[in-house]
Amino acid sequence: MSNPSSSWVAQFNPRDRVEIIPRDVGFRGSWYAGTVVRREAKNTNRYVVEYDQLYADESGEKLLQETLDWIQLRPPPPPEKKKVQFKFEDEVEAFYSDGWWEGAIIAEHSGGKFAVFLRGFEEQIVFEEKDLRLPVHWVKGKWEPRFEQVQREKETSNFSKEVMKFTQGMQVEVLTDEDGLKGAWFAATIIEPSGEDKYLIEYKTLRNDDDTEFLREVIRACNIRPCPPEIIVVDGFKVWDAVDAYYNEGWWVGVIAKVLINSNYEVNFIEYDEKTTFNQAYLRPHQDWLNGKWVVP
């Protein structure tokens, strides 16, 4: 690499390992691993690169090569010097579809798993901790911020994000870790605080095993959110619209796969790879609660 300066340009050599921003617009916000093949021509700052896991055709026999500007390349980020403790609302990069994609943690699950909103896909996907990393930037030959700097700042009060506080009687939605219900949001009422950043809640649709009363559970604050505001859909949904479908007493995240007659839609539940038909009355536009605001994909 050349020395940093005001007109600094990265220099790469054949066989250098790099991460690449692909040329296709649909890959913006992602980094893919690859290798420098050669400089395009002498005295240019463009390089021919070969991807590790993107292919030139559907047969998957020939790895894709592209000629890109140096600004679309960077060395592989250095490993973390210590284990990263990911938290609700952290900005992250998640390994998905063979690349690292920008996103934000919107919920914590048991077993070291996290629900991440991927901006490039406009989807909520659950990842294991090993498939997440902190975002860093390659600036004039240096990584900014360093991994250890990010972790140190995450541990300070100035940098950490304050968990939302809920009050008794507040109407909310809750993400549960119970088998068969993972990924769905259920209407509930805050009963009272129950320890640090935890609340006793009462579901409005789920009942206890004896079916004698509504189920109560202690839930972490990161898995609780306010009820989303109502969005009136006038002209119906379109294919690929992100929606929540009311099913089995909760709201499940899906995508419109097919528009049917009489305001009916086929919805694809991506996380479970299942399709079910719903009337529009049981659908709502999907919204994500990020950094204290509702975001519509």
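This note goes through the confidence, salt bridges, strand pairing and one surface patch of a predicted model.

1. Basis. The model is predicted, so local features are taken at pLDDT of at least 70 and side-chain atom pairs at pLDDT 80 or more, while totals for chains, interfaces and linings use all residues. Residues are numbered from 1 along each chain as its sequence is written, and side-chain values use heavy atoms, with hydrogens and water left out.

2. Confidence. pLDDT is the predictor's confidence in each residue, from 0 to 100. Its mean over the protein chain is 84, and 89% of the residues reach 70 or more. The highest value belongs to strand E22 (residues 283–285), at 95, and the lowest to helix H1 (residues 147–154), at a mean of 53. Helices (H or I, at least four residues) and strands (E, at least two) are DSSP runs, numbered from the N terminus.

3. A contact means heavy atoms within 4.5 Å. Residues 156–161 also stay under 50, with six contacts beyond four places in sequence.

4. In one of them, Arg 17 meets Asp 52 with an N to O distance of 2.5 Å. This pair links distant parts of the chain, 35 residues apart: Arg 17 lies in strand E1 (residues 17–20) and Asp 52 in strand E3 (residues 46–55). Arg 17 is partly exposed at 42% relative accessible area, and Asp 52 is partly exposed at 30%. The classes are buried under 20% relative accessible area, exposed over 50% and partly exposed in between, with a 1.4 Å probe and protein chains only. Asp 69 bridges to Arg 46, the closest N and O atoms being 2.9 Å apart. Here Asp 69 in strand E4 (residues 63–69) is joined to Arg 46 in strand E3, 23 residues apart. Asp 69 is partly exposed at 32%, as is Arg 46 at 28%.

5. A loop-to-loop bridge. Glu 129 and Lys 83 form a salt bridge at 2.8 Å, N to O. Glu 129 sits in the loop between strand E9 (123–128) and strand E10 (132–133), and Lys 83 in the loop between strand E5 (73–74) and strand E6 (91–96), 46 residues apart. Lys 83 is exposed at 53%, whereas Glu 129 is partly exposed at 23%. Separately, shared partners join Glu 19, Arg 74, Glu 93 and Arg 133 into one network of salt bridges.

6. Pairing around E6. Two strands pair if DSSP finds at least two bridges between them. E6 and strand E7 (residues 99–109) are antiparallel over six bridges, with Ala 94 opposite Trp 101 in E7. These strands form a hairpin with two residues between them, and Ser 97 in the turn has a positive phi of about 55°. E6 also runs antiparallel to E10, joined by two bridges.

7. Surface patch. Val 239, Trp 240 and Val 259 make up a nonpolar surface patch with about 350 Å² of accessible area together. Patches are made of residues with over 30% relative accessible area and no salt bridge, like charges being joined within 9 Å and nonpolar side chains (Val, Leu, Ile, Met, Phe, Trp, Tyr) within 5 Å. Accessible areas come from the Shrake-Rupley method with a 1.4 Å probe; for residues, only the protein chains shown count as cover. Val 239 lies in the loop between strand E17 (224–226) and strand E18 (242–247) and is partly exposed at 40%.

Conventions
A salt bridge is a side-chain nitrogen of Lys or Arg within 4 Å of a carboxyl oxygen of Asp or Glu.
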